[in-house]
Amino acid sequence: QVQLVESGGGLVQPGESLRLSCAASMSRGFFSNYDMGWYRQAPGKQRELVMAITSGGSTIYADSVKGRFTISRDNAKNTVYLQMNSLKPEDTAVYYCNRYNSANNYWSWGQGTQVTVSS
């Protein structure tokens, strides 16, 4: 079973930046085959897709983060990153990574990393 470990969250002020990391435990060489996504869940809301990156490097994003967030991956490290700039209070949520696919076929969710944007 793949384990996902997210890190990099914290408390920041509006307009500041954070970089999230997500490491997947799997044998080298397999991670590159998977499309990966960053998701977030705010209190009282459903989990939503923030950004995704395909195995070929194409990206998908939610309109709410367009122009502010960037997703990248390092297949050699089995890691996907989320660079978040110009953070807003409405970005406050627990952020998770997982597979990205139309069948909603996910690995077990990690513990996530809390991002709080507040002045």
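Is Arg 40 buried or exposed in this predicted model? Arg 40 is buried, with a relative accessible area of 6%; buried means under 20% relative accessible area, exposed over 50% and partly exposed in between, using a 1.4 Å probe and protein chains only. The model is predicted, so local features need pLDDT of at least 70 and side-chain atom pairs count only at pLDDT 80 or more, while totals for chains, interfaces and linings use all residues. Residues are numbered from 1 along each chain as its sequence is written, and side-chain values use heavy atoms, with hydrogens and water left out.

**View 1. Salt bridges of Arg 40.** A salt bridge is a side-chain nitrogen of Lys or Arg within 4 Å of a carboxyl oxygen of Asp or Glu. By this rule the structure has 3 salt bridges. Arg 40 forms one with Glu 48, with the closest N and O atoms 2.8 Å apart. Glu 48 is partly exposed, at 37% relative accessibility. Arg 40 also forms a salt bridge with Asp 91, at 2.9 Å from N to O. Arg 40 lies in strand 4 (residues 36–41) and Asp 91 in the loop between strand 8 (79–84) and strand 9 (93–99), so this pair ties together parts that are 51 residues apart in sequence. Strands (E, at least two residues) are DSSP runs, as are helices (H or I, at least four), and both are numbered from the N terminus.

**View 2. Asp 91 and its salt bridge to Arg 68.** The N to O distance in this salt bridge is 2.7 Å. Arg 68 sits in the loop between strand 6 (59–61) and strand 7 (69–74), and Asp 91 in the loop between strand 8 and strand 9; the pair links distant parts of the chain, 23 residues apart. Asp 91 is buried at 0% relative accessibility, and Arg 68 is buried at 9%. Arg 40, Glu 48, Arg 68 and Asp 91 are linked in a network of salt bridges.

**View 3. The disulfide between Cys 22 and Cys 97.** A disulfide is a pair of cysteine sulfur atoms within 2.5 Å. The structure holds 1 disulfide, and the sulfur atoms of Cys 22 and Cys 97 are 1.6 Å apart. Cys 22 belongs to strand 3 (residues 18–25) and Cys 97 to strand 9, so the bond ties together parts that are 75 residues apart in sequence. Cys 22 is buried at 1% relative accessibility, and Cys 97 is buried at 0%.

View 4. Strand 3 pairs with strand 8 over 6 bridges, and Cys 22 stands opposite Val 80 in strand 8.

**View 5. The hairpin of strand 7 and strand 8.** These two strands pair in the antiparallel sense over 6 bridges. Thr 70 stands opposite Gln 83 in strand 8. The hairpin has 4 residues between its strands, and Asn 78 in the turn has a positive phi of about 55°.

**View 6. The largest nonpolar core.** A nonpolar core is a set of buried Ala, Val, Leu, Ile, Met, Phe, Trp, Tyr and Cys residues joined through side-chain atoms within 4.5 Å. The largest has 27 residues, and those with the most contacts inside it include Trp 38, Val 50, Phe 69 and Val 80. Strands that each supply at least two residues include strand 4, strand 5 (48–53) and strand 10 (113–117). Strand 3 gives the largest share, 4 residues.

Definitions and conventions: Two strands pair if DSSP finds at least two bridges between them.
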